[in-house]
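Work through the exercises below with the sequence and the 3D structure open beside you. Try each task before you read its solution.

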Amino acid sequence: MNGIEALWSLPFARPVAWALAHFLWQGALVGLLLAGALALLSGKSSSLRYTVAAGAMVLLLALPCATALWLAPGGDVGAAAEPVAAAASAAPITVSPIVDGVPLASETVAFSPVLRLQPLLPWLLAFWLAGVAVLSFYNLGGLLQVHRLKVRGTRAVPELWERVVADLRRRLGIQRAVRILESCAVSVPAVVGWLRPVVLVPASALTGLDPQQLEAVLAHELAHVRRHDSMVNLLQTIVETLLFYHPVVWWVSRVVRQEREHCCDDLAVAVCGDRLVYARALADLEGLRTPSPRLAMASDGGSLLARIRRLAGVPAGPSRRSWMAGALALGLLPSGMVIQFGGYDLAKGVERTAGMAAEAPVRIAAAAPRAPEPEPARQKSAPEPARQEPAPAPARAGEARRGSYQGVWMGERREDGRIQIQMKPRSKDKDKGDWNHSSSFSASELHGLDSGRFELRRDAGTFTFEGRFDGTGPGAQGAGNFWFQPDPGYIRDMASLGYRVEDKVFELALFDISRGYVRELRSLGYGDLSLDKLIEFGIFRVTPEFIREMEQIGFKDLPADRLVELRIHRVTPEYVREWRSAGYPDLSLDRLVELRIFKVTPEYLRELAAMGFKDASLDRAVSFRIHRVTPEFAREMADLGYSDLSADDLVSFRIHRVTPEFIREIEKLGYRDVPADDLVAMRIHRVGPEFIREAREKEGRDLSIEDLIDLRIQGYTKKSRRSS
């Protein structure tokens, strides 16, 4: 008996194999149902969409389990064999192949697709078991990698960020403790662990993001903790492992992960209050990201561009992957018809064979297959005419469309005199649905600001706000209702420019996409922009003036996506001229974006020159920024007698946490003027002040650096001391 036969002889083999075969059509059906549900919920909250997608994931796991239990011995299929076995013992009968202990008439064999499928089932089961084993080992490696992230190359962050995390925990309602550590093993912030969650923050994020941006990203990670996403992600990985062979499973899993990130984005914005700040933080993370372990919840999850567009209120276009998943699901549904109707024919064959055996001894093995009797034609009913929704009545001139464009607002007067207003639309329209918009305006833009009813007038229409602020000075807050009235002339003129804007006029007004703005872009060669791209230009302030200035300094005919990228990273004409004045006339746009991400400026190069690195390359400057090698750090080291450190020494000191405080502590123990390499070796082998004192007490003498390192390598610990 070979391996396949031995596997097929196991009691669970047949029901599991048939359950896997049935899951081809069951999974496809679940995928189509989820696609329809998501289409209906396209304007609803991400939490609702996430719940529906997670429910589909649970259903995907439940269906094959239920099918296998139903097909297991003792179920209906097992019971179906009993009449045949009894009849066969009562009278001799010659039969065709035996299926799971049930002898079948030859006509059943000829017309049952299920019987043709059965020889493949042992191989399907073997393939499934092999795939589950491979993915299990892969995911086990991922779990080990996540565990190593918590202990490898981590250290405490400045006390400021611990206080920030504590405050965010309070605002998010997280009761359990959450640690925050700096890690050299991750490139973007990530949360690992479920029972004892830890937020890991790379040094590049501490230096590459503004404090406000980093706070928003940390809020996103803590949102994962609040929602217990690590546990759900683990369960999701189990489903992917067990049902890996079905493409719909991977599509549903991607939807779950995408909506999970959207839910955490919404929580982060709710805590931090500014969508655009958070969106720019995600954009800056794009320059820092590298693949993260699948079982760690990282801030770079999902499509960052799609998340940025969503945060800014730009509707996402149809996903190519979604169309592919839908096509695969439709392609797999016929397999369900074959298995189900084939199984029905097989059941009829079993029943017919049992009846024949009970009546008289017959020989059916050599019988010629008969053509199936034609079923009576069914009367086809005429298809019902498609229901047509009544067209909405056109708005009368001057009528405020409060039903479609209304909501609530909250505002605050800032220190710089601008008014920050956050708007939350209340609308069932999927293109204007569940999102917030927050922007600041000058007082002159808000007509009648202190009258209790003020207006924001845009080319696309007028926002009317009811409510007043509780004062006129900085910090004064206000709230109330708002509604938006589109300008019919704007809609007509945009139609003449080739844009149907009825469903997007709200967003166009929010981001001040005027008719003149569109015409100017056309005159500059950007006449083929989609409506969504125009809104994206407005979000990130890609103005005709910006395009002209970039052309004047030599960057002509830039693609639309490149212009957006430059604005996201604040690569302005002034920034380019600053570098050129510093002696760098040929920097590419990619290089300029990189320098902006890591905050490398000509001023920073001058600081490096003052540190003694007059010929520092841009790569060296980026490395210094990533590892927080600052002039202050170099000066502190010089004050401690390390004035001749090379650039590599400084970076190595930062990587291995050779700090001024560490040097001062070991100096108090008598270790002065320790070479730089020895300081790094001490840190690598965890030879700190506590270990030095303990080793001296144990040995009863002074120890050299080499002796201390040797003791640590040999495994000297507090435990060995107690045992001695």
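**Exercise 1. Decide whether Cys-263 is buried or exposed, and then how many disulfides the predicted model holds.**

Step 1. Cys-263 has a relative accessible area of 6%, and because buried means under 20%, this cysteine counts as buried. Cys-264 is buried as well, with a relative accessible area of 0%.

Step 2. A disulfide is a covalent bond between the sulfur atoms of two cysteines, so the next thing to look up is the distance between sulfurs. For Cys-263 the closest cysteine sulfur is that of Cys-264, at 6.7 Å, which is too far for a bond.

Step 3. The cut-off for a disulfide is 2.5 Å between the sulfur atoms. By this rule the count comes to zero disulfides.

**Exercise 2. Find out where the pLDDT stays under 50, and say how such a stretch should be read.**

Step 1. Begin with the chain as a whole, for which the mean pLDDT is 76, while 71% of the residues reach 70 or more.

Step 2. Over residues 341-403 the pLDDT stays under 50, although the model has 65 contacts beyond four places in sequence for this stretch. Residues 718-724 also have a pLDDT below 50, and there the model shows eight contacts beyond near neighbours in sequence.

Step 3. Where pLDDT is low, the predicted coordinates should not be read in detail.

**Exercise 3. Name the residues with the most contacts inside the largest nonpolar core, and describe the surroundings of one of them.**

Step 1. The largest nonpolar core has 108 residues, and Phe-463 and Phe-624 are those with the most contacts inside it.

Step 2. Take Phe-624 and leave out residues up to four places away in sequence: Phe-624 then touches Tyr-604, Leu-608, Met-611, Phe-613, Val-629, Ala-647, Leu-650 and Val-651.

Step 3. There is also a second, separate core of 33 residues, and among its members are Ala-17, Met-57, Val-249 and Val-256.

**Exercise 4. Work out which strands pair with β14, and in which sense they run.**

Step 1. Strand β8 (residues 406-413) runs antiparallel to β14 (residues 477-486), and seven bridges join the two. To locate this pairing in the structure, look for Gly-407, whose bridge partner in β14 is Phe-482.

Step 2. Strand β13 (residues 461-466) pairs with β14 over six bridges, again in the antiparallel sense. Here Gly-461 has Pro-486 of β14 as its bridge partner.

Terms used:
Residues are numbered from 1 along each chain as its sequence is written. This is a predicted model: local features need pLDDT of at least 70, side-chain atom pairs count only at pLDDT 80 or more; totals for chains, interfaces and linings use all residues. Side-chain values use heavy atoms; hydrogens and water are left out. pLDDT is the predictor's confidence in each residue, from 0 to 100. Contact means heavy atoms within 4.5 Å. A nonpolar core is a set of buried Ala, Val, Leu, Ile, Met, Phe, Trp, Tyr and Cys residues joined through side-chain atoms within 4.5 Å. Buried means under 20% relative accessible area, exposed over 50%, partly exposed in between (1.4 Å probe, protein chains only). Two strands pair if DSSP finds at least two bridges between them. Helices (H or I, at least four residues) and strands (E, at least two) are DSSP runs, numbered from the N terminus.
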